[in-house]
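Here are my notes for your first look at this protein. Keep the structure open as you read, and check each point against it.

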Amino acid sequence: MVTGRGRKQIFGTVKDRTGKRISGWKEKLPSRADEEVLIKAVLQAMPTYSMSCFRMPKGMCKELHGLMAKFWWSKKAGLGYRPSRIWSSLIWGKDLLKAGLRWRVGNGEDIYVYQDRWVPLPMNFKIISTPQFDVSMKVCELFNAAGQWDEELLNANFWEQEVKAILQIPLASNHREDKLIWHYDQSGKYSVRSSYMVACMKKQRENGMEGSSTQDGTFLWKKLWSLQVPNKIKFFLWRCILGFLPSRQNLYHKKILNSPICPRCGKKVESVIHAIWACSEVKAIWSLSPWSANRHEWRITFFKELWQVVIVVSSKQEVDLFAFLCWDIWNDRNNLLFQGRSLENVSVFNKALAYQTEFYSVTLAPICSHNRQGPSQSYVNWHASLDGQYKINVDGAAKLAGLVRGVGVVIRNGNKEFIAACSRQVIGNFSAQAMELTAAKEGLQFAYDLGFRDIVLEMDAQGW
Ligand SMILES: [Zn+2]
């Protein structure tokens, strides 16, 4: 990421701070172990924060390296540590920070629509729609004359899910500057707790890489059965991985069909991996996905290999999306083959994303059957008297894997009769308390939107 904003100033501070910390420690550090912990935790986290957002001037890098190396070697010459080890940790930390950093939109003048990470979606915060505008377009060009999001423009040029996420970004009237924030903490500030969680996710991926390269293939299956997708999709993937899908190649081998050639492209043998991933006709669908950037580098012959790559390079939500996408691509192929109709690439992708969102919202808040789309009349009893007192029960589901949290709200009247309900998906690393409060806020807002004023809020405040 290149930026012109006071680069030298920023790095000047980094250097000063690093220097200050080091000289402070020189007197205070009690033991070698403490020293190492400090080096790893504080010193590394601090400068990498800036380095990950800005390209650090070369000279500064050298100076900083010198500063740290001097400290390190003066303290423990001959202990068997090498500076390269510090630096490899530093680079690890840098990637870690990058994984959670995104832009908070202010005046939108510093953020590139297609290149920067700014959309609050769980993928990588980047726009994944095919660019309809110049890649140098800035976010402020998506505002209308009133300084608000231009909904029409958004709807016409971005995915439904992206538009939804973008419209949720509040635009301040005071034209504050765009700012890089740490996504996984509500305050937007980098915190040890939330970074620890992202670190665990990253570590898991790295361990997965090691695990799959050994003879032990259990990781591959564990990952499959732990997916947050409908069971039918798990079994579908299981068949893909084992090569049991009735592709043309498989049916040809069983002498059921006379030709193994793919019904879509009509050129190549339709193996399982061809039908779902390699066929020229499905490439455009995958090009919309998080795996488009480096897919050409992957030498994949079998679906199992693809699965092994995907589970180590993707986040939990991405792997789930992968499953939904495979499912939809196979169904689309069947529709084409047996009913002569297939969806556009865009629609196949959108369908998978929508299916995932819907499934998440249902599995996260099982008491409610609908995702909140503003007050929906279909499940609101408008005949209920608004005179009496109403009771709102809220709950937040925080003990789930990944970053997806759920909030559920139920409104009942004085006779305990059901009036309305909603559920909503929240992305972020919230504590149980923060989750309860988010649920409470959601509940009150929902009740207010529906016109209820005399209300009692009831919440399950376990663990306070
Ligand atoms: Zn094909």
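**Notes on the model**

1. In helix α16, the buried residues are Met435, Glu436, Thr438, Ala439, Ala440, Glu442, Gly443, Phe446 and Ala447. A residue is buried if 20 or more other C-beta atoms lie within 10 Å of its own, exposed if 12 or fewer, and partly exposed in between, with C-beta atoms placed from the backbone. Helices (H or I, at least four residues) and strands (E, at least two) are DSSP runs, numbered from the N terminus.

2. A word on the source. This is a predicted model, in which local features need pLDDT of at least 70 and side-chain atom pairs count only at pLDDT 80 or more, while totals for chains, interfaces and linings use all residues. Residues are numbered from 1 along each chain as its sequence is written.

3. Now the length of α16, residues 432-449. Its 18 residues should span 26 Å at 1.5 Å a residue, and its end C-alpha atoms are 25 Å apart, which agrees. The expected span is 1.5 Å times one less than the number of residues.

4. The whole protein comes next. It has 16 helices and 6 strands. Of its 464 residues, 30% count as buried. Take the contacts with a separation of 6 or more: residues 24 or more positions apart account for 65% of them. Two residues are in contact if their C-beta atoms, placed from the backbone, lie within 7 Å.

5. Turn to helix α9, residues 231-242. Its 12 residues should span 16 Å at 1.5 Å a residue, and its end C-alpha atoms are 17 Å apart, which agrees. Which residues of α9 are buried? They are Leu237, Cys240 and Ile241. Seen down the axis of α9, the buried residues fall within an arc of 95 degrees, so they line one face of the helix. The arc is that of the directions from the helix axis to the C-beta atoms. An α-helix has 3.6 residues a turn, so residues three or four places apart point the same way.

6. What do the buried residues of α9 pack against? Their partners are α8 (218-225), α11, α13 (303-313) and α14. On the other side of α9, Asn231, Lys232, Phe235 and Leu242 are exposed. Just after α9, glycine 243 takes a positive phi of about 80 degrees.

7. Look at α9 against α14 (residues 316-339). Their axes come within 10 Å and cross at roughly 75 degrees. That makes α9 roughly perpendicular to α14 (65 to 115 degrees; under 35 is roughly parallel, over 145 roughly antiparallel, the rest oblique). Axes are lines fitted to C-alpha atoms, for helices over the stretch in contact, and angles run from 0 to 180 degrees between N-to-C directions. Ile233, Phe236, Leu237 and Cys240 in α9 meet Ala323, Phe324, Cys326 and Trp327 in α14. The residues of this contact divide into 8 nonpolar, no polar and no charged (nonpolar: Ala, Val, Leu, Ile, Met, Phe, Trp, Tyr, Cys and Pro; charged: Asp, Glu, Lys and Arg; polar: the others, Gly among them).

8. Lysine 232 lies in α9. With 9 C-beta neighbours inside 10 Å, lysine 232 counts as exposed. Its C-alpha atom is 9.4 Å from that of tryptophan 327, 95 residues apart along the chain.

9. Lysine 255 is in the loop between α10 (248-253) and α11 (272-278). Lysine 255 has a positive phi of about 60 degrees although it is not a glycine. It is exposed, with 7 other C-beta atoms within 10 Å.
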